[in-house]
Amino acid sequence: MDFSFYMPARMLVGDHIVEENSGLLAGLGSRCLLVTGKNSARLSGALGDVTAALDRHGIPWTVYDGIGQNPLLSACWEAGRAARDFGADFLIGIGGGSPLDAAKAAAVYAANPELGPREIYGGHQNPALPFALVGTTAGTGSEVTRVSVLTDDETGRKKSISTPDLYARLSLGDPRRYTATLPRRFTISTALDAVCHSVESYFAKTGDPISRACAVEALLLLIPVLRAIQEPDTLPDSSQRQKLYLGSIYAGLAFNGPGLCFPHAMGYLLSEEYGVPHGEACAVFLPQFIEAAAREEAQLSSRLFARLGTRKQELAAFVGSFVAGLELPVLPDQELEALLPRWDGSPNMERTPGDFSREKRLAVLKKVFQGGGAK
């Protein structure tokens, strides 16, 4: 099999990792913009550790904390302008997937002052400013990917950018501390996102031996922890937090090259229109994907489920159990059919095993919106 593997991401994980590697952060530049959300970076302790590290080396810094869930183009553009106004020559994103992805986009806008918010989708001339990432959730894998998922203010739809300069110069993870404050729902939702990354990239037509090996390792870490916290009000312990984080990084390594399939593309609909958290939104569609992909790729399926020690039906039901309580509207055929054009030409649909035609997409939607797919 022919394939190409390229991933220049430096990732360091461990206790007190920011404090012990403050020199590496300081080596990225002389003035820094920190890109965060309103609360998670501070509550996790990561923001305090990063600012202390910069202070130790005399690096001036300022914070842009206007990033919300599903980061808007406008907020990322404003962060880029804030970086230029401050004279920042590097950025640090701190938080879950939204601040990390926003930091990537802000680094592009900072280096390309002529670029309007929506013009980032058309490419950029100057390479992004250097940036580091400090993750506080265990799900997106943004720490090791060149992907940034952004929400268009005008359409309300998510769309990703992916260029080689969107790899972080440095990513630092301290999961026992920084993910410890995550509430149960976000812990599960982000873990489900990583599970979707793994399963989708494993079966993707564009998958390769390295990406699939990473996907399997991710699932071997993620699934046992999710099983252990399946009961209501159960939270992972410190060791399990570490496993979830490592699983999310393996999952990021898995999908960075091959990309993802229909659960992510269709999951965006649930986040954009009904406010379903991203990981849960993708997980709604994953059981159907597992069943379909296993039929289309029997050999890949056999190898995967043998390694996991489970059957496809069991994994599909297990993932589905976490989203069984979601309340989604019942939509008539006409409304569902009107949704289909949004996925015409989608790379996610092209990567999905088999011929994922409009008819098959409609059948998936009917099961979710008419057949109790998330009930």
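Predicted model: local features only at pLDDT ≥ 70, side-chain atom pairs only at ≥ 80, totals over all residues.

Author: Look at where the partners sit along the chain. Y6 belongs to the segment before β1 (11-13), while Y167 is in the loop between β7 (158-162) and β8 (170-173), so that the pair links distant parts of the chain, 161 residues apart. The surroundings of the partners can be compared with the cut-offs for burial, under 20% for buried and over 50% for exposed. Y6 has a relative accessible area of 52%, so Y6 is exposed. Y167 has a relative accessible area of 6%, so Y167 is buried.

A further pair is formed by F262 and F289. Their ring centres lie 5.5 Å apart with the planes at 75°, so this pair is edge-to-face. Here F262 comes from helix α11 (residues 262-274) and F289 from helix α12 (residues 278-296), and the pair links distant parts of the chain, 27 residues apart. Both F262 and F289 are buried. They also belong to a cluster: ring pairs link F262 and F289 with Y202, F203 and F356.

Rings can have charged neighbours as well. R31 lies over the face of F86, 4.1 Å from the ring centre. In the case of R227, the ring is that of F318, and R227 lies over its face at 4.4 Å from the ring centre.

Let us stay with α12 for a moment, the helix that holds F289. Its 19 residues reach 26 Å from the first C-alpha to the last, close to the 27 Å expected at 1.5 Å a residue. There is a bend of about 35° at L286, and a proline, P287, follows within four residues. Of the 19 residues in α12, 14 are buried, so this helix is largely enclosed by the rest of the structure.

Helix α8 (residues 184-203) can be checked by its span too. At 1.5 Å a residue, its 20 residues should span 28 Å, and the end C-alpha atoms are 29 Å apart, which agrees. Helix α8 is mostly covered, with 17 of its 20 residues buried.

Now for contacts between charges. Side chains of opposite charge can pair when their charged atoms come close. A search of the whole structure finds 14 salt bridges. In one of these, the side chains of R176 and D15 meet at 2.4 Å, N to O. R176 is partly exposed, at 38% relative accessibility, and D15 is partly exposed with a relative accessible area of 30%.

The side chains of K312 and E291 meet at 3.9 Å, N to O. K312 lies in helix α14 (residues 312-321) and E291 in helix α12, so the pair ties together parts that are 21 residues apart in sequence. K312 has a relative accessible area of 23% and is partly exposed; E291 is partly exposed at 24% relative accessibility.

The side chains of R311 and E314 also meet in a salt bridge, at 3.5 Å from N to O. R311 counts as exposed, at 52% relative accessibility, whereas E314 is partly exposed with a relative accessible area of 36%. Elsewhere, a network of salt bridges links D49, D174 and R177.

Finally, a word on the cysteines. A disulfide is a covalent bond between the sulfur atoms of two cysteines. C32 counts as buried at 0% relative accessibility, and C196 is buried with a relative accessible area of 1%.

Key: Residues numbered from 1 in each chain as written. Heavy atoms only, no water. Buried < 20%, exposed > 50% of the residue type's maximum accessible area, 1.4 Å probe, protein only. Helix = DSSP H or I, 4+ residues; strand = E, 2+ residues; numbered from the N terminus. Expected span 1.5 Å × (residues − 1). Phe/Tyr/Trp six-rings, centres within 6.5 Å; stacked < 30°, edge-to-face > 60°. Lys NZ or Arg CZ within 6 Å of the ring centre and 35° of its normal. Bend = angle between axes of the 7 residues up to and from the residue. Salt bridge = Lys/Arg side-chain N within 4 Å of Asp/Glu carboxyl O.
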